Amino acid sequence: MATYEEVKEVPNHPEVYLIDVRNKDEVTNTGSIPASIHIPLPELENVLTMSEGDFLTTFKRDKPSTDSVIIFSCMSGRRAQIATDLAHNHGFKKAKSYHGSWSDWASKLGL
């Protein structure tokens, strides 16, 4: 499980992926955690299985390898855990969820 401190450091660690699995309207209404990639949960499985070239074209960064650290966030942590389980099922061994997710982030920053 990822912590607030770990998520806060993601912009300084380009090898770490932070994926926000909330719906588009949620991200529009609240904003996003810096350096996060927005991939709504219903689209995640297709994204995890897309080619490296398609990932690069779509998200403007290399596709994570199965050894990459991937942190999933959502509004409170439930969908982040579902995303983590899905990533594990696709071989992404270092995937983990950010417990508390946006709610924790916003609370720590007083948003």
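Two strands count as paired if DSSP finds at least two bridges between them. In this structure, which is a predicted model, that definition applies to strand β1 (residues 16–20) and strand β3, which are joined by five bridges and run parallel.

**The strands around β3**

Strand β3 also has a partner in β4, for three bridges join β3 to β4, and these two strands run parallel.

Which residues of α5 are buried? They are Arg79, Ala80, Ala83, Thr84, Leu86 and Ala87, and because they cover an arc of only 165° around the axis, they lie on the same side of α5. On the other side of the helix, Arg78 and Asn89 are exposed. The buried residues of α5 pack against several elements, namely α2 (24–30), α3 (41–48), β3 (69–73), β4 (95–97) and α6. After α5 comes Gly91, whose phi is positive, near 90°.

**Aromatic rings**

A pair of aromatic rings is described by the distance of the centres and the angle of the planes. The structure holds two aromatic pairs, and the table gives both values for each of them.

| Pair | Distance of centres | Angle of planes | Kind |
|---|---|---|---|
| Tyr4 and Trp105 | 5.3 Å | 50° | tilted |
| Phe55 and Phe59 | 4.8 Å | 45° | tilted |

Planes under 30 degrees apart would count as stacked and those over 60 as edge-to-face, so the angle of 50° for Tyr4 and Trp105 makes that pair tilted. Because Tyr4 lies in helix α1 (residues 4–8) and Trp105 in helix α6 (residues 101–109), this pair ties together parts that are 101 residues apart in sequence. Both Tyr4 and Trp105 are buried.

Phe55 and Phe59, by contrast, both lie in helix α4 (residues 52–59), where they are four residues apart, about one turn of the helix. Phe55 has a relative accessible area of 2% and is buried.

A further ring, that of Tyr17, has a charge above it: the charged end of Arg61 sits over the ring, 3.8 Å from its centre.

Methods
Residues numbered from 1 in each chain as written. Predicted model: local features only at pLDDT ≥ 70, side-chain atom pairs only at ≥ 80, totals over all residues. Heavy atoms only, no water. Phe/Tyr/Trp six-rings, centres within 6.5 Å; stacked < 30°, edge-to-face > 60°. Buried < 20%, exposed > 50% of the residue type's maximum accessible area, 1.4 Å probe, protein only. Lys NZ or Arg CZ within 6 Å of the ring centre and 35° of its normal. Arc of directions from axis to C-beta. Contact = heavy atoms within 4.5 Å.
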